[in-house]
Amino acid sequence: MKTKLLNKILLANKTKLPFIFSSVGFLFGLLLLLLSLQAYFQIKQLLSPAANATDYLILNKSVNVANSLFFARPAFSEQEIKDLSKQSFVKDMGIFTSNQFTVSTVSNSQIPLYTDLFFESVPVRFIENTPSNWDWKAGQAIVPIIISQDLLNLYNFGFALGQGLPQLSQSTIQLFTIPLKIKGIQKDTLINAKIVGFSDRIPSIIVPEPFIQHTNQFIGENKIQQPSRLIIQVNNSANTEIVQYLSQQNYQLNQDKIQASKAAILIQFALSAISLIGIAFIALSFILFSTNLQLLIAEAKNEIQLLLQLGYPAQTINYHLLIFSIILLSTISITAFLLFFLLNNILNHFLIDNSLQINTSAHFSIYLTPLILIFVATLLNTLSIKYLIKKLQ
Amino acid sequence: MKFNPLIISLKNLIPKPLAELGSLQSSVWLSELSFQPQTYYQLHAPSGKGKSTLIHILYGLRKDYSGEVLFDNQPISTMLFSDWTTLRQQSLSIVFQDLRLFPNLTALENIQLKASLYPENQSIHIQECAELLGIAHLLNHPAETLSYGERQRVAIIRALVQPFQWLLLDEPFSHLDSKNIEIASQLIEKEVNKKKAGIILTSLGFDYPLPIHQKLTL
């Protein structure tokens, strides 16, 4: 009864148009904010791999004409390696050691093929699915080798077909023992090798580190050489810091993984802009809303004063106006939610039709945002209503 | 804050506008005076002598006076707004000279607005009072459509639906005929007795059929 009467006194016959305007502004701003938040989380999820998944990136310096002319290796200096290892996105770093000797296969009945090769090694912790026999000690007859999966594909689908050679499966190729001739400035030697694994991660032919160190020392040039390739472990290759650092240092990457982060920078920028517009809308409608509330109180000034004269406690009137503002804001928020789910649904159908795998459920912050907004608005309204009613006493 | 029973004392009270006018012949202004509980007072004076001003000072609406008003020895100038709210709910009831009804509410709603501050259901009582004063058929009409005399009766009922120690009546019968004044006076007397309250009534000098204990000239 009291509520009905207070409504009739305070709200009936009062200007409603400004409230409608600010409500529409609030609704639009909230909807924009919700949609951009949802898009932000979906894209973030799309670009970042599972929680603690790590990526490995292989870096090198660009090769330019000077390198070609003067045989100058585009190597990383001590200082550059130290600087890179200090970057926050680098979880671990390994150095590629390359051969300081020549190596070639020796053609035999099993492998009627002669080819020059090269070897590299990386610390064992960077090799995925390390084979059990991945080790080498001086005097060991057979060197284990891991080749890039791409190299096998190149052979099977490029080389073998054209040359009339048999295609080889991973398991077949592991059966062969490959005789190798190693030739260095100190001496020559023959050794057998066996392919024991395939790597998606490292596009190279890798041998155990002890083997390459020993051979460089006793057969090859035996000198200290700065590495020209580095492998780093990162948490998320879509991290935009990586792209910024690498392009600033003029380093090159082997993978296109990093493309995602380039896109991410643009998308995040666009989404931030949209969110900002949403927030600006909300801020403006906040101001409009609270101005309207002041207008409402000013219009009902005589009525409020009479209520106070009749013994109505100021708190009762404050509370009534506050409830009115909460109901209005909640109605707007619920409407924004309904519109959001409708639009999100349409968008998700579009994404699924375009076979984009994306988590379509709303992120929890989507639910939190209007609650926070209503909370903040209510807090502000409480203060302003209290102040305005006090002025009327 | 509970005043039961409430003694109202005036000490050298004078509203500022009246003080500026100079010499006064008055048994209220600038004197020592107390209003004793359960007593009926009639203040009479021609227009412009501060009848409504006194009522408004006692009801806490005007503060432009010198001297003091004490409720049970507490100066009302020290009271907070929330104290006045409690007083207006529990101890003081008023019929304004200008009635102060909400024009867009019906007669009944104007009365219910007051009644809804209290837990008791008074709808039967309101109906009885309205029938007695001859406005029962108007209860659902907006106050703005009623005549001044009808509105005066609505305001009287509104003042009677709350608990009080003092009923402040500011020329409450000015637009009523003698028959209606008599009925209204009987109703007021009955309700005031029931509540063991006192009356402070202002008039332009007419006598009303109420058992006034003391008449004062402003």
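**Close-up 1. An aromatic cluster in chain A.** In this predicted model, ring pairs join A:Phe76, A:Phe89, A:Tyr245 and A:Tyr251 into a cluster. Over all chains, the structure holds 18 aromatic pairs, and two further pairs are shown in the next views.

**Close-up 2. The ring pair of A:Phe28 and A:Phe281.** The centres of the rings of A:Phe28 and A:Phe281 lie 5.0 Å apart and their planes stand at 75°, so the pair is edge-to-face, given that planes over 60 degrees apart count as such.

**Close-up 3. The ring pair of B:Phe35 and B:Trp166.** The rings of B:Phe35 and B:Trp166 have planes at 75° and centres 6.3 Å apart, so this pair, too, is edge-to-face. The pair links distant parts of the chain, 131 residues apart, with B:Phe35 in strand S2 (residues 32–35) of chain B and B:Trp166 in strand S7 (residues 166–170) of chain B. Both B:Phe35 and B:Trp166 are buried.

**Close-up 4. Arginine charges over aromatic rings in chain B.** B:Arg88 places its charged end over the ring of B:Tyr59, at 4.9 Å from the ring centre. In the other arrangement shown here, the charged end of B:Arg100 sits over the ring of B:Phe96, 4.4 Å from the centre of that ring.

Conventions:
Residues are numbered from 1 along each chain as its sequence is written. Chains are lettered from A and ligands numbered from 1 in the order in which they are written. This is a predicted model: local features need pLDDT of at least 70, side-chain atom pairs count only at pLDDT 80 or more; totals for chains, interfaces and linings use all residues. Side-chain values use heavy atoms; hydrogens and water are left out. Rings of Phe, Tyr and Trp (its six-membered ring) pair if their centres lie within 6.5 Å; planes under 30 degrees apart count as stacked, over 60 as edge-to-face and the rest as tilted. Helices (H or I, at least four residues) and strands (E, at least two) are DSSP runs, numbered from the N terminus. Buried means under 20% relative accessible area, exposed over 50%, partly exposed in between (1.4 Å probe, protein chains only). A charge sits over a ring if NZ of Lys or CZ of Arg is within 6 Å of the ring centre and within 35 degrees of the ring normal.
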